Amino acid sequence: MDLELTQEQSQVQDAARRFLSRECPPALVRRVREGEPGEAAALWAGMAAQGWLALPFEEASGGLTVDAATLAVVVEELGRACDPTRFIDCVVSCGALIQDAGSEAQKRCWIPALARGELQVSLALLESPADPDPPRLETHLEPQGAGFRLNGRKLFVECAADADLLLVVARERGGVRLLALSPAAPGVELVRLRSLAHPHLYEVRFHGVAVEHEQVLGNDLDAAPHLRTMLQRSAAFLSMAAAGGTQRVLEMAIAHVRERHQFGRLVGSFQAVQHMLADAWADAETARLAAWEAVTELHSGESAECKVAVARCASSESFVRTCLTAHQVFGGMGFMWETDLHLWTRKAKEIEFAQGGAAPWRRRLAKLL
Amino acid sequence: MDFRFTPEQERFREEIRRFLDEHVSAALRQEIATSAHTPGPLAKAFLRVLGAQGWLGIGWPKEYGGQGKSMIEQMIFYDELDLRDIHYGGLTITSLAMTLMKVASEAQKQAYLPRILRGELEICLGYTEPGAGSDLASLITRAEREGGEYVITGQKVFTTGAHYCSHIWLLARTDPDLPRHKGLSVFILPLESPGVTVRPLYTMGAIRTNEVFLDHVRVPASAMVGAPNSGFYTVAVALDFERIFMGKYARLRRNFDELLACCRDLRRDGRALLEDPVVQERLVNLHIAIERLRLLCFRSAWMVDQGKVPTAEASAQKVLASELEQRLTEEGMKILGSCGQLEYGSPHAPMEGRLVGAWLLAPMMRFGGGTNEIQRDIIAQRGLGLPRA
């Protein structure tokens, strides 16, 4: 057992925190949220220059082959900074799918571009407005000529209009396929959703979209196992981001009550306030440990699934709960549009809902019990 | 970051399990189930068996006959005992003996430590008084110097263990003229001393505790532990050793697993309780909360092994563990329905009535050992650096 970062990981953490405090201030988070994803272009380029976009990939594909823990350090820092980019969706989720399921040619084509920040990919996974675990995919491929036609719709696709590629999960005969297509392709219709959480969510409709064989990942491959691996891995990293955000919000609340006076004394000296923050601290600390355990034990079989499920549920709940505690502590000073706290509150809901949310993990945990 | 136990630690856990499977008799298990948290003759005998194996000194330094094992290994050891409700001497072993090593005279060490290590001597805490609970420094039990002796008069309450321990670790006022927390001293004395009367206090949680009356009890000056008027410091040292053991998770895990087994067996509306989504939701929440506590326990243990002091961590452990105990038992009773109210010995009692027993005991966990409100003060003030009220 060794429950702290290694020296090397601490250095990565320091560097990431310095970089993000410079390149990703709350003002930028706000601009992206109020405007378009393109506002984060300079940050994205900077992240590419730091090598972060190459972190999860094999060296052979142009990546850096770091361990999950180093990637987790970066993701935790992104969570702290309320990261307005598509890092988890594009790099951690789509990137891993391409790495795992893609052919050699596809990997050569997409991964180096992705790692350089020149290719933005969005995952098109969910279909039902309510149920993140559809019993059966409606979106499907049918053979047509030398290729396929794609029909169906996807929901909650992040930044679809600004993506270079959508990575679509679709059914073909009995199996599950992954295919990459441009959101600008004929027959693709984008409908903007308005969410309190993610600022750029879309419904994507496919009206007989032509798909070539080269756009389908791998060869005659059932993508379902890759999808499961990706979802588990991404859930662990979403937990890490939530843990980072939770810590930051708690620090903001503590800093506030150590400065603000009422009744002639510091707000932080009131027991009622201290106890709220003491509970928030225990919440944040245990959520962080759960996230770290999930990340470091990703490859340990069934117990990994259990730990990821615990982390996913614990961390997303704690993030939201800590934000709500912070709102109580800040009072009106956290409620105004121009103050920053609500940026994290929205991020907390964004992470909670991402990739179908924690609910499927609760159901999985119930089965594993 | 690495959350795994080493192969050596896994082997150690196996060794303890094998030993306990072999040596914990059905008769002992029966005694534990019916003894209302008072170790009976078999439990006392088993304490000596643990002593003979050298396991009571598992965390003690080698120079005192201990094994000097890491805190992680101690946690593994106590988890296995907790899972079986085995009496191991509690804070006599984990806190008071360690405090003796740090502050006691050589003669006191010789007098007490070897006997504690063999499982022959147990000490109860004499802190709380009728007028001094959370505000311990307001206590009024007096110890007055007369020649080579102290004469102690006063009353202690909630002196849990006074009816089965041989000695009491007593905090008394030695100098009423000093500021209130500076005039206190710790004494260690036999409960059989003339002038000591132990009376039972029965509680709603079945556990028996006591009040202890001290009427001109004469002890030699050598019964004082540490320097005169340094009692509050000595108590703080003891608390630092005790802290990490106040919020443990193994019993919660055991009650949860047994609750789970009941949910597999019991049926409602033609299906197992476990198949009811409402039940599943409740169980999932409890499982997540126990996992969080487990991680925090090992985080604290790991910190101790790194030479760090887990102050906020240990206080949070105590808060989480005690509140989770109340929640687990409350939710469990709701999940089980009508039979959830049945006590040990009743027909149809699930979990041999353990859930009901733990529910009744849980209020004590929340206020005992430093109320959860004081623990939260500690987290906020010592952990988060917030100012004192």
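How many helices and strands does chain A have? Chain A has 11 helices and 9 strands; helices (H or I, at least four residues) and strands (E, at least two) are DSSP runs, numbered from the N terminus. With a radius of gyration of 21 Å, close to the 21 Å that the globule rule gives for 369 residues, chain A is as compact as a globular protein of that length (the radius is taken over C-alpha atoms, and the rule is 2.2 Å times the number of residues to the power 0.38).

Before clicking on, know that this is a predicted model, where local features need pLDDT of at least 70, side-chain atom pairs count only at pLDDT 80 or more, and totals for chains, interfaces and linings use all residues. Residues are numbered from 1 along each chain as its sequence is written, while chains are lettered from A and ligands numbered from 1 in the order in which they are written.

Now select residues 165–172 of chain A, strand β4: 7 of its 8 residues are buried, so the rest of the structure largely encloses β4(A). Buried takes 20 or more other C-beta atoms within 10 Å of a residue's own, with C-beta atoms placed from the backbone.

Look for V121(A), whose bridge partner in β4(A) is L165(A).

Next, bring in β5(A), residues 175–181, which runs antiparallel to β4(A) over 7 bridges. Here R171(A) has V176(A) as its bridge partner. Finally, zoom in on the hairpin: 2 residues sit between the strands, and R173(A) takes a positive phi near 45°.

Definitions and conventions
Buried ≥ 20, exposed ≤ 12 C-beta atoms within 10 Å, placed from the backbone. Pairing = 2+ DSSP bridges.
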